[in-house]
Amino acid sequence: MDHSFHHCLLLAQTVFQKQVVLEAAEHGLLPGQSKILDYLLSHDGCEQKSLGEAFHLEAATVTGILRRMDEAGLIKKHVKEGNRKSQYVFLTEKGRKMAAETVRPIMESCEEQALEGITEEEKAILLKGLQKIYENMTKGSKR
């Protein structure tokens, strides 16, 4: 196995995401929907464009994911008074239940598996390092 930083980071992200997507698919969720549901659990009623910003996704990609989620009855989109240009995304009761009872446990289980054998101190260092990497990679970018 290649032990370069970029390879290890990409490999870890890929296998983590693949596990989440596979487990979410067992509950009828399509790729991308689980992370949106998880995000909305803490940010219900956010602007649609903030979802794209949160996950570094193109507007068209977010629109496609949300359309399918709306058709599945997981979310509803509304405009708010005084801001007719922006769509706001809300979980439906079905979406909230799916996020809380299915998606969040999947995320927690995958996280537990990924962090097995890693001490609390190592986790804190890893998290701080990943946050710094994110800051470095987004410095000066439009997203």
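## Report on a predicted protein chain

His56 lies in the loop between helix 3 (48-55) and helix 4; helices here (H or I, at least four residues) and strands (E, at least two) are DSSP runs, numbered from the N terminus. This is a predicted model, in which local features need pLDDT of at least 70 and side-chain atom pairs count only at pLDDT 80 or more, while totals for chains, interfaces and linings use all residues. Residues are numbered from 1 along each chain as its sequence is written, and side-chain values use heavy atoms, with hydrogens and water left out.

His56 has a positive phi of about 55° although it is not a glycine. Most residues other than glycine have a negative phi. With a relative accessible area of 31%, His56 is partly exposed; buried means under 20% relative accessible area, exposed over 50%, and partly exposed in between (1.4 Å probe, protein chains only).

**Overall architecture**

The protein chain contains 6 helices and 3 strands. Read from the N terminus, the order of its elements is α-α-β-α-α-β-β-α-α. Along the principal axes, the C-alpha atoms fill a box of roughly 50 × 40 × 25 Å. Of the 143 residues of the protein chain, 27% count as buried. The protein chain exposes about 9700 Å², and carbon and sulfur atoms supply 56% of this area; accessible areas come from the Shrake-Rupley method with a 1.4 Å probe, and for residues only the protein chains shown count as cover. Among contacts in the protein chain with a separation of 6 or more, 55% join residues 24 or more positions apart, where contact means heavy atoms within 4.5 Å.

**Helix 2 against helix 4**

Helix 2 (residues 33-43) packs on helix 4 (residues 59-71) at an angle of about 80°, and their axes are 10 Å apart. Axes are lines fitted to C-alpha atoms, for helices over the stretch in contact, and angles run from 0 to 180 degrees between N-to-C directions. Helix 2 and helix 4 are therefore roughly perpendicular to each other, given that angles under 35 degrees count as roughly parallel, over 145 as roughly antiparallel, 65 to 115 as roughly perpendicular and the rest as oblique.

From helix 2, Gln33, Ile36 and Leu37 meet Ile65, Leu66, Arg68 and Met69 of helix 4. The residues of this contact divide into 5 nonpolar, 1 polar and 1 charged. In this division Ala, Val, Leu, Ile, Met, Phe, Trp, Tyr, Cys and Pro count as nonpolar, Asp, Glu, Lys and Arg as charged, and the others, Gly among them, as polar. Not counting residues up to four places away in sequence, Met69 touches Gln33, Ile36, Leu37, Leu74 and Ile75.

**The nonpolar core**

The largest nonpolar core has 24 residues, of which Leu37, Leu40, Leu51, Leu66 and Met69 touch the most other members. A nonpolar core is a set of buried Ala, Val, Leu, Ile, Met, Phe, Trp, Tyr and Cys residues joined through side-chain atoms within 4.5 Å. Two or more residues of this core come from each of helix 1 (5-25), helix 2, helix 4, strand 3 (83-91) and helix 5 (93-114). Helix 5 gives the largest share, 6 residues.

**Individual positions**

Thr102 lies in helix 5 and is buried, with a relative accessible area of 14%. Leaving aside neighbours within four places in sequence, Thr102 is in contact with His27 and Lys97.

Glu47 is found in strand 1 (residues 46-47) and, at 21% relative accessibility, counts as partly exposed. Val79 belongs to strand 2 (residues 75-80) and is partly exposed at 36% relative accessibility. Leu130 has its place in helix 6 (residues 120-138); its relative accessible area of 38% makes Leu130 partly exposed.

The table sets out C-alpha separations for residue pairs that involve these positions.

| Residue pair | Separation in sequence | C-alpha to C-alpha distance |
|---|---|---|
| Glu47 and Tyr88 | 41 residues | 4.3 Å |
| Thr102 and Ser34 | 68 residues | 9.0 Å |
| Val79 and Glu47 | 32 residues | 9.1 Å |
| Leu130 and Leu66 | 64 residues | 28 Å |
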